[in-house]
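Thanks for asking me to look over this one. My notes follow as numbered points, with the cut-offs given where a term comes up.

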Amino acid sequence: MIEIKNELNIDEYNYLRESVGWNKKDIDIVDTAIKNSVIIKKAMIDGKVVGMARVIGDGLYYFICDVVVDTKYQKMGIGKKIIDDIIFDIESQTMKGQSCSINLMATAEKEAFYEKCGFIKVPFDYHGYGMIKKIEK
Ligand SMILES: CC(C)(COP(=O)(O)OP(=O)(O)OC[C@H]1O[C@@H](n2cnc3c(N)ncnc32)[C@H](O)[C@@H]1OP(=O)(O)O)[C@@H](O)C(=O)NCCC(=O)NCCS
């Protein structure tokens with residue numbers, strides 16, 4: 001059975017990144033990133049961590065990042081369960097009569113997954129393209 005928990009440690013974060021072929025991150029940076037996240041989710045199956053996501057945000061804007069499901073456990077509904085849980089939490093925190101937006105940057109070919117979770121591709125209406133500037137040292 002899939003269990004979603006509101007916690008994640010540094011080792012689990014880097015383990016899940018490596019499970020999908022992403023590089024490991026510096027442990028102090030990961031520690032700060034986890035502490036600065038307003039929502040943290042991990043998915044567990046039989047006591048084993050199989051997925052995660054983080055949200056950075058301030059009540060008006062939220063940004064979902066580090067959405068990862070271990071390659072061996074993909075296409076089982078785990079990613080959608082994590083995102084649904086995040087959306088539920090943000091909806092619960094949003095005051096009646098107020099609005100906020102949940103943003104994300106899909107990796108290549110993952111747009112259809114996010115559409116299944118209720119997200120819309122930009123540009124649309126008055127929204128232009130999402131934009132990014134990378135800093136690499
Ligand atoms: C993207 C990712 C998180 C999806 O997780 P997942 O657990 O495999 O997704 P789910 O099983 O919950 O899929 C939910 C729905 O999206 C669909 N879906 C999932 N990945 C898809 C893809 N790459 N292309 C098209 N549809 C996809 C599923 O078929 C399912 O559809 P259904 O409800 O009609 O059956 C996972 O593939 C992953 O970790 N990829 C590597 C890391 C990555 O790129 N993360 C995204 C960062 S922005």
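**Notes on the sheet, its cover and its charged pairs**

1. β1 pairs with strand β2 (residues 39-45) in the antiparallel sense, over four bridges. Here two strands pair if DSSP finds at least two bridges between them, and strands (E, at least two residues) and helices (H or I, at least four) are DSSP runs, numbered from the N terminus. I2 stands opposite I45 in β2. Before going on, please keep in mind that this is a predicted model, in which local features need pLDDT of at least 70 and side-chain atom pairs count only at pLDDT 80 or more, while totals for chains, interfaces and linings use all residues. Residues are numbered from 1 along each chain as its sequence is written, and side-chain values use heavy atoms, with hydrogens and water left out.

2. The sheet is open, with five strands in the order β1-β2-β3-β4-β5 and mixed pairing. β1 (2-5) and β5 (101-104) stand at the edges, each with a single partner strand, so one side of each has no neighbour in the sheet. From one strand to the next, the twist averages 25°; axes are lines fitted to C-alpha atoms, for helices over the stretch in contact, and angles run from 0 to 180 degrees between N-to-C directions.

3. What does β4 pair with on its two sides? With β3 the sense is antiparallel, over six bridges, and R54 stands opposite C65 in β4. With β5 the sense is parallel, over four bridges, and I64 has L104 in β5 as its bridge partner. The hairpin of β3 and β4 has three residues between the strands, and G59 there takes a positive phi near 100°.

4. Now for the cover. β4 is mostly covered, with seven of its nine residues buried; buried means under 20% relative accessible area, exposed over 50%, and partly exposed in between (1.4 Å probe, protein chains only). Helix α3 (residues 78-93) lies across β1, β2, β3 (48-57), β4 (61-69) and β5, and runs at about 145° to β2.

5. K42 deserves a look. The side chains of E7 and K42 meet in a salt bridge (3.6 Å, N to O), where a salt bridge is a side-chain nitrogen of Lys or Arg within 4 Å of a carboxyl oxygen of Asp or Glu. E7 lies in the loop between β1 and α1 and K42 in strand β2, so the pair ties together parts that are 35 residues apart in sequence. K42 is buried, at 7% relative accessible area, whereas E7 is partly exposed at 41%.

6. E12 lies in helix α1 (residues 10-19) and counts as buried, at 14% relative accessibility. Leaving aside its neighbours within four places in sequence, E12 is in contact (heavy atoms within 4.5 Å) with K42 and V49.

7. How many salt bridges does a search of the whole structure find? The search gives ten. Among them, K72 and D70 meet through their side chains at 3.5 Å, N to O; K72 counts as exposed at 62% relative accessibility, while D70 is buried at 1%. Another is E115 with K121, whose closest N and O atoms are 4.0 Å apart. E115 is partly exposed at 40%, and K121 is partly exposed at 48%.

8. A surface feature to check is the nonpolar patch formed by I56, F63, M105 and I132, with about 370 Å² of accessible area together. Patches are made of residues with over 30% relative accessible area and no salt bridge, like charges being joined within 9 Å and nonpolar side chains (Val, Leu, Ile, Met, Phe, Trp, Tyr) within 5 Å. The areas come from the Shrake-Rupley method with a 1.4 Å probe, and for residues only the protein chains shown count as cover. M105 lies in the loop between β5 and α4 (111-116) and is partly exposed, with a relative accessible area of 41%.

9. Lastly, M95 has its place in the loop between α3 and β5. At 60% relative accessibility, M95 counts as exposed. The C-alpha atoms of M95 and D70 are separated by 35 Å, with the two residues 25 apart along the chain.
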